[in-house]
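This report describes selected features of one protein structure. Please consult the sequence and the model shown here while reading.

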Amino acid sequence: MKAIVARETGPPSVMTWTDMEPPRPAPDECVVKVEACGACMHEVLVRRGDRAQGTGFPIIPGHEVVGEVVEIGAAVVDFAVGDRVVANQRQRVCGKCRECRTGRETRCPRKVFLGDIGLNGGYAELVAVSDGSLVKVPPGITSPHVAIASCAIGTQLNALRDVAHLEIGETVLVTGAGGGVGLHAIQLAKASGARVVAQTTSPEKVEAVRQAGADEILLVERGADYSKDVMEATAGRGCDIVLENVGAASFLSSIKTVALHGRLVLVGEVQKVPPPVEVDLVGWRGRDITIHSAASTTRRQLEDVLTLIERGLVTPVVTDTLPMSEAARAHEILESGSATGRILLVPDTAA
Ligand SMILES: [Zn+2]
Ligand SMILES: [Zn+2]
């Protein structure tokens with residue numbers, strides 16, 4: 001098979017389209033013929049060697065996979081050859097530890113992420129994924145855009161519904177609203193009956209933010225304090241939920257906008273060592289707010305995202321589709337920060 005292989009950290013050009021041995025399935029694995037794989041900022045960090053948990057080269061990057069099962073291991077019972085499946089970012093979780101047993105498998109200490117360490121990622125014609133990390137795609141979903149369901153949509157469902165416990169009628173601030181995750185957060189919040197205030201620093205992304213359903217759009221200078229704008233947009237009350245998709249650069253503005261009894265959920269922060277942030281403890285305590293973080297997606301959350309897509313309540317936003325051999329160009333687009341929505345890679349035979 002062909003795959004994108006990076007043998008060392010470096011610029012996008014370290015990724016080359018290479019002939020590889022096809023993967024053989026372990027007893028609990030399915031070999032998936034890749035229909036599409038999302039290109040995600042996560043892989044840019046891995047490629048640069050900026051992933052906080054380290055990397056193990058050589059790698060085949062990629063964790064946002066949709067495709068067809070073409071071979072199953074001897075112990076697989078829930079999937080058959082011909083099933084169309086989405087991978088849940090990880091090659092496997094252990095299924096036995098405390099985290100796995102309590103619906104928090106995203107924190108399984110023995111999880112193996114696709115594309116971080118070794119030759120197991122989805123920038124390839126074939127990828128082997130354990131049956132515990134796959135979900136069948138409902139027949140009503142035919143678009144390859146479903147590849148991004150887990151990373152770009154499931155993470156935000158995790159944050160909004162299962163961490164922040166969004167209630168109908170609440171107000172949600174989405175920062176980094178024009179990016180690949182922000183646009184889906186807006187859609188999810190609207191589908192949940194929330195009012196959405198969206199913050200973006202990119203004039204060229206405003207239209208996409210509007211189309212995603214934002215009620216108020218705040219176009220602010222990069223690095224500027226936008227808390228006053230949010231307070232104005234909410235009649236001085238602030239937001240019940242602040243979904244912080246940017247991180248240190250906007251955290252201090254964001255925390256000032258959390259309403260009484262509100263929740264801030266940190267989702268984004270791509271710097272390996274972000275600058276420390278100073279928080280006003282008096283303001284924090286005076287409003288009884290809570291601060292959370294959310295990462296990744298459980299299999300249940302991925303199943304729920306697929307249901308939402310099938311019902312038309314959420315639509316994956318993909319703005320570029322490139323042949324897999326041009327993965328380097330996809331990374332250049334990601335690093336420029338210019339992408340509105342997500343980028344898909346498709347095997348060259350399908351491009
Ligand atoms: Zn991703
Ligand atoms: Zn586990």
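## A partly exposed strand residue

Leu266 has a relative accessible area of 28%, so it counts as partly exposed (buried means under 20% relative accessible area, exposed over 50%, and partly exposed in between, with a 1.4 Å probe and protein chains only). Leu266 belongs to strand E14, residues 258–266 (helices, H or I, of at least four residues and strands, E, of at least two are DSSP runs numbered from the N terminus).

Beyond its neighbours within four places in sequence, Leu266 is in contact with Glu244, Gly247, His292, Ser293 and Ala294; contact means heavy atoms within 4.5 Å. Glu244 is 22 residues from Leu266 in sequence, yet their C-alpha atoms are 4.8 Å apart.

## Basis of the model

The model is predicted: local features need pLDDT of at least 70 and side-chain atom pairs pLDDT 80 or more, while totals for chains, interfaces and linings use all residues. Residues are numbered from 1 along each chain as its sequence is written, chains are lettered from A and ligands numbered from 1 in the order written, and side-chain values use heavy atoms, without hydrogens and water.

Cys40, in the loop between strand E3 (29–39) and helix H1 (41–48), and Cys151, in helix H3 (residues 149–163), are 111 residues apart. Both Cys40 and Cys151 are buried.
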